[in-house]
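Let's take a friendly walk through this structure, one piece at a time. Please keep the sequence and the 3D view side by side as you read.

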Amino acid sequence: MSIKKASAKSRQAKSKGSKSVTSEQGVDSVLRSNDIVAMQGRASDELVGKIPYNSLKKREHGHANAVVPPPGVTAQPDSSALTASTLTESAMTAKTGGAARLGSNATVESLDRVRVDASEQPLTTNQGVPVSDNQNSLKAGLRGPSLLEDFILREKVTHFDHERIPERVVHARGSAAHGYFEAYGALRKYTRAAPFAEKGKITPVFARFSTVAGERGSKDTARDARGFAVKLYTDEGNWDLVGNNIPVFFIQDAMKFPDLVHAIKPEPHHGMPQAGSAHDTFWDFVSLMPESTHMLMWVMSDRGIPRSYRMMQGFGVHTFRLVNEQGESVFCKFHWKPLLGTHSLVWDEAVKIAGADPDFHRRDLWEAIESGEFPEWELGLQIFTEEEAESFSFDVLDSTKLIPEEMVPLTPVGRMVLNRNPDNFFAETEQVAFCTAHIIPGIDFSNDPLLAGRIHSYVDTQITRLGGANFHELPINTPLAPVQNNQRDGIHRQSLNRGRVAYEPNSLAGGCPFQAGTAGFVSFPENNTEDKVRGKPAKFAEHYAQATLFFNSQTAVEKAHIAAAFRFELSKVEVPAIRERMLSSLVNVSTELAAEVAAGLGMQVPAAMPKAIADAEPAEISVSPALSLTALPGERGIRTRQIAVLVEDGVHHAALADLHLALTNAGAVVHFVGPRVGLFTGSGEEIIEANKSLENAPGVLFDALVLPDGAEAVKALGSNIDTLDCIKDQFRHGKTILALGAGQALLEMAGIAAARDKVPGILLATGTDMIEIAPVFIEAIAAHRHPSRECDQPGK
């Protein structure tokens, strides 16, 4: 079975599972959520119930029990899936292999060799010694001192004391998944790179998404660029395509990277703010580095607060080379486009989500994959020659510039599907080492000075984080391609190399391993006769044209969001001179933008900042629709959308049951949300189970809202302030709201009388016409949000 077919089969299995839940509801009349977490919890309930309490607790005390400790109590699960890390463990690639064998430790070559399961196995030390008592340290008598000889205690505590490793300096907080890349066709005309060798070729991948500035314990929804890194385990070694969700960067030369990071990180005198750029040191730096302006426009736009990792683009940022079998080269830029389209949060929503669920993006990715809704991206290449690059008004070696798609269209070359969650976050997501230096034959670097610094920096930082030069031998980092070289020793060395030869050339090992010659990686022989100097090319001096292009390419709503973001960030700057300097830079981007930001700061628009170049080449285009998030709406539908249905005692059950079925069949995830979790009784004595509460799951966590029918339920819900806050947030953030029958009164209670005037995304229906209203509701949710409502908020 191909991986592509397996994905389809997984979707069919999910659909069948949904039907079984529905039939179960018919048996016990309990209407339950189809949320995968709730379903897993119900499935595990019987297993957990087999151990109602710790029956060994009474035997932890007294001398007799101390000398004859009991064996542990176990319970046999009805299915091995109940004890799995992930429901997707059967999704296989050549790298991941299959599920862990029960009761095995295969560390002694896909990742199967290091998967461990403890079913029916006794507890041991790291040396394999069975542990008789894991409750008490060794003492000289029951009330005597603990003994130094207790090697079991020492091993356990010592390991615990050393469980943390240094976090990444940037991109510390992230989430990752396994999957595969499938090529649409051969690209031999341009490159000999293994993933593009033939149509349908499958290459295993491990992709990690991350925020940039925040530390490991920060929030997911901070305004920030996002990392988009993909490790491809190719036939000719690992290729790491390490990029971001934004195609440009703040600086042009790696010499400034430490300065940028020091400026955006918490200020060193008091360690604040965390995961935020709204402070003096950052804006002091970027206002003195006008080359950052283009990147600032992207980060201050809705791109800086994506709805989901599954709904953001990825870019390689730099210009790379493609090299074919004949040694011919072209330039290339890499683009990942999500099948679900590009969607974002709004700022108020992002801030509230950060408090309600700091793991919002990480949870979204995990649960989508667990549910069989595998995210997918299409890889497109912008391919152009050096001669074409010379004719551009900008320099393709400048990482603060992009190539508009109108100038060089994208060539779709393949797709990436993420279909398996990691078994262990630390061993895989935290220990994976991405390095821009990891390229393969057919891919080569350009002379981008920022890329040059990254080639060194990424390898260097992994040595510090992962304990030495052998970080490539950690299982998640090992290639599928054969590894044969003369590198030896070093901390954490895993390989047991046969023989006594560790050098080349040699004869004692028959000359092996031998250099591959033209079959191996050959750097493109670029001709370079220029002087050795410190400086930048003349075209690097133009800092504003593409920032203006970006702003002019946004919709009116997107422009308003950019202005609001600049106002918020600069209002947090305590030094007025820094605000004024940044405003003077924005004047060069757009007088409209500068005026809106200045008005919000109570300042006059200053004179424009002097430019580094007076006579820049005119830009090729003034508007590029592809730069707006709205240019990529993605698949039209509501698969994986999170729908909140409010419930209380007295709710009309039949309409909600019909709506639940329609939404489930459309692929949405339905949550019944009450003032508390647990069971509620409908007006006809039916039972509905709320898997979330208005306290633990506020309205900002959902994509749409259903207000139920039933006078008794509406009265109870209307007296709850959390209900009204939920409705107000859903309305304020442009979400779709469906009010059924008496539930329409809840809109007025929340101050949304305007909803009766056909406000976009507000649907009113009786509690009986689900056949007519369900398709309309689904279509409205598919729009993601209704931005025209931003000017029609309660109280405005």
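Strands β4 and β5 form a hairpin, with 2 residues between them. Keep in mind that this is a predicted model. β4 covers residues 226-234 and runs antiparallel to β5, and 8 bridges join the two. To find your place along the pair, look for G227, which stands opposite N244 in β5. Strands of a sheet pair through backbone hydrogen bonds, either parallel or antiparallel.

Now follow β5 itself, residues 237-244. Of its 8 residues, 8 are buried, so β5 is largely enclosed by the rest of the structure.

Next, turn to an open sheet of 3 strands, ordered β1-β15-β14, with mixed pairing. Its edges are held by β1 (30-31) and β14 (678-681), each of which has a single partner strand, so one side of each is left without a neighbour in the sheet.

Finally, let's look at a pair of helices. The axes of α6 (residues 280-287) and α15 (residues 576-587) come within 9 Å and cross at roughly 40°. On the α6 side, D280, W283, D284, V286 and S287 make the contact, and α15 contributes I578, R581 and M582. Sorted by class, this contact has 4 nonpolar, 1 polar and 3 charged residues.

Notes
Residues numbered from 1 in each chain as written. Predicted model: local features only at pLDDT ≥ 70, side-chain atom pairs only at ≥ 80, totals over all residues. Heavy atoms only, no water. Buried < 20%, exposed > 50% of the residue type's maximum accessible area, 1.4 Å probe, protein only. Helix = DSSP H or I, 4+ residues; strand = E, 2+ residues; numbered from the N terminus. Pairing = 2+ DSSP bridges. Axes fitted to C-alpha atoms, helices over the stretch in contact; angles between N-to-C directions. Contact = heavy atoms within 4.5 Å. Nonpolar A, V, L, I, M, F, W, Y, C, P; charged D, E, K, R; others polar.
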